[in-house]
Amino acid sequence: MTPRDVRLPRPTETDPAEAGIELPPDVRQPPAEEVTPTYLESREARTHRLSTSVLIGLMAVILLWLVSMTTGKAHFGFGDNLAGQALGTLTIPGMPTVLVCGLLCAAAAVAFFLGRSRRAISASAGTVAGITIIIGFLTWAAAGHALPFQVSSQFQGTISLATPLILGALCGVMCERSGVVNVAIEGQMLSAAFAAALVGSMTHSIAAAMVAGMIAGLLMGALLALFTIKYLVDEVVMGVVVNLFATGLTGFLYNQLMGQDTEHYNTAPIMDPIAIPGLSKIPFLGPVLFDQTILVYIAICCIPLVYFLLWHTSWGLRIRSVGEHPEAADTVGISVVGIRWSAVLAGGLLAGLGGAYFTIGTVGSFSKDITVGNGFIALAALIMGRWRPGLAAVMALFFSFVTQLSTELGPLGTPMPSQFLLLLPYVATIVAVAGLVGKVRGPAADGDPFIKD
């Protein structure tokens with residue numbers, strides 16, 4: 001046997017205690033310490049938490065200040081005069097209600113500030129703050145007045161105003177998830193509103209008007225995609241150009257066609273409400289949710305549809321991949337240009353439906369700048385909704401609620417100036433975006449042009 005054939009046993013690690021070996025005190029191993037996970041808060045999360053808690057605290061201070069200006073009782077009417085339903089009037093004491101709402105809002109601000117590592121606490125505090133702010137403010141506005149605040153009208157108006165905002169926000173979700181910034185939602189909806197009114201007036205067909213609106217939104221989306229994806233024009237600048245182009249084009253055609261012959265070119269049919277059997281008879285909620293036009297139902301159905309397309313289909317996975325890392329998507333054979341084109345065009349269809357609602361869904365005629373900046377509010381809802389369909393729809397409902405609130409508070413004769421009531425939706429937009437967007441991070445490649453090597 002040669003020395004190479006001799007195999008020595010491998011040394012094994014043995015615990016001295018198990019081997020019966022007593023070690024000196026200075027070389028004994030210390031007992032293992034239990035490691036507990038520590039939550040590390042990012043700078044963006046801390047900024048979001050602090051700014052939101054300060055905003056909620058400021059609203060609590062305002063509510064507590066309004067306590068001294070609240071007198072009498074507040075009346076809230078739940079009857080629907082149009083549907084012939086009378087559910088009575090709820091009367092609550094004004095000053096105690098505003099005081100309790102102010103204290104709860106202050107407690108919510110403290111809870112939000114302290115809920116650094118618990119999302120459930122932060123979500124609950126935000127929900128409590130939103131509810132108490134609405135109830136406290138409405139109680140202050142309605143207290144001491146003989147006329148009740150019409151809750152049914154408030155909710156019906158909110159649903160009506162939210163329909164184009166939801167569709168516009170979903171358009172933005174589709175585009176920006178693919179990496180294309182869409183500031184042209186306003187122009188897409190304005191063009192669709194004009195096309196729907198024109199075609200609807202000429203054909204007297206709701207279906208034709210809806211198709212025309214979708215085609216107009218699609219064409220404006222194609223214009224945006226052509227210059228931003230193919231020719232690499234700055235997406236924000238191109239979005240502004242599309243908005244100005246839509247404003248000028250619709251204004252010119254309005255003067256040449258609709259202004260000359262209103263009867264033939266600007267008398268589109270208006271959608272009739274479609275009552276869902278059984279559900280529409282539910283007191284209070286039935287007429288609000290289940291007796292709406294077809295576009296309202298389409299907008300509601302598009303929320304889960306867009307979510308399903310983006311998170312549960314291969315096409316949606318490709319859209320999100322090119323919006324996060326287009327170079328990596330290109331290396332695995334995904335056509336970044338083709339996917340972005342498809343996402344922008346799909347978003348154009350949604351914006352077209354939202355624009356059509358301004359004419360065939362409400363008044364049945366077109367007027368210059370009929371969208372009145374709703375496309376930009378939809379963009380704000382998109383950002384506040386963190387580029388997610390469900391949250392963007394909730395933010396659209398929030399902005400619509402504030403807009404309708406300015407209308408409902410007018411007849412009550414509140415001490416608030418009427419000019420400020422008209423500014424409420426835009427003030428809410430600025431405050432909400434400034435206070436609640438600190439933690440939001442959009443798609444990593446949003447706004448970055450893709451240049452294939």
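Buried means under 20% relative accessible area, exposed means over 50%, and partly exposed lies in between, with a 1.4 Å probe and protein chains only. The views below show a predicted model, in which local features need pLDDT of at least 70 and side-chain atom pairs count only at pLDDT 80 or more, while totals for chains, interfaces and linings use all residues. Residues are numbered from 1 along each chain as its sequence is written, and side-chain values use heavy atoms, with hydrogens and water left out.

Helices (H or I, at least four residues) and strands (E, at least two) are DSSP runs, numbered from the N terminus. Of the 453 residues in the protein, 44% are buried. A contact is counted when heavy atoms lie within 4.5 Å. Of the contacts between residues at least 6 apart in sequence, 76% join residues at least 24 apart.

**View B. The cysteines Cys101 and Cys105, whose sulfurs lie 8.7 Å apart.**
A disulfide is a pair of cysteine sulfur atoms within 2.5 Å, and a search of the whole structure finds zero of them. For Cys101, the closest cysteine sulfur is that of Cys105, which is too far away for a bond. Cys105 is likewise in no disulfide, with the sulfur of Cys101 as its nearest cysteine sulfur. Are these two residues buried or exposed? Cys101 counts as buried because its relative accessibility is 6%, and Cys105, at 0%, counts as buried too.

**View C. Helix α5 (residues 185-203) packed on helix α13 (residues 336-363).**
The two helices meet at an angle of about 55 degrees, and their axes are 7 Å apart; this makes α5 oblique to α13. Axes are lines fitted to C-alpha atoms, for helices over the stretch in contact, and the angles run from 0 to 180 degrees between N-to-C directions. Angles under 35 degrees count as roughly parallel, over 145 as roughly antiparallel, 65 to 115 as roughly perpendicular, and the rest as oblique. The crossing of α5 past α13 is right-handed, a crossing being left-handed if the near helix is turned anticlockwise from the far one by less than a right angle, and right-handed if clockwise. From α5 the contact takes Gln188, Met189, Ala192, Ala193, Ala196 and Ala197, and from α13 it takes Gly348, Ala351, Gly352, Gly354, Gly355, Ala356, Phe358, Thr359 and Ile360. By class, these residues divide into nine nonpolar, six polar and no charged. Ala, Val, Leu, Ile, Met, Phe, Trp, Tyr, Cys and Pro count as nonpolar, Asp, Glu, Lys and Arg as charged, and the others, Gly among them, as polar.

**View D. Helix α5 beside helix α7, with the two axes 7 Å apart.**
With an angle of about 20 degrees between them, α5 and α7 are therefore roughly parallel to each other, and α5 passes α7 in a left-handed crossing. Among the residues that meet are Leu190, Phe194, Ala197 and Leu198 in α5, and Val242, Ala246, Leu253 and Leu257 in α7. The contact as a whole has 11 nonpolar, five polar and one charged residues. Leu198, a residue of α5, counts as buried because its relative accessibility is 15%. Leaving aside neighbours within four places in sequence, Leu198 is in contact with Leu257, Met258 and Tyr265; the C-alpha atoms of Leu198 and Leu257, 59 residues apart along the chain, are separated by 9.0 Å. Leu249, which has its place in α7, is partly exposed at 33% relative accessibility, and its C-alpha lies 10.0 Å from that of Leu190, a residue 59 positions away in sequence.

**View E. Helix α6 (residues 206-230) against helix α7 (residues 235-258).**
The angle between these helices is about 145 degrees and their axes are 10 Å apart, and α6 passes α7 in a right-handed crossing. Met220, Leu223, Leu224, Phe227 and Thr228 of α6 make the contact with Glu235, Met238, Gly239, Val242, Phe245 and Ala246 of α7. Eight of these residues are nonpolar, two are polar and one is charged.

**View F. Asp369, with a positive phi of about 55 degrees, and Trp387, with one of about 60 degrees.**
Most residues other than glycine have a negative phi. Asp369 is found in the loop between α13 and α14 (374-384) and, at 42% relative accessibility, counts as partly exposed. Trp387 is found in the loop between α14 and α15 (389-408) and, at 8%, counts as buried.
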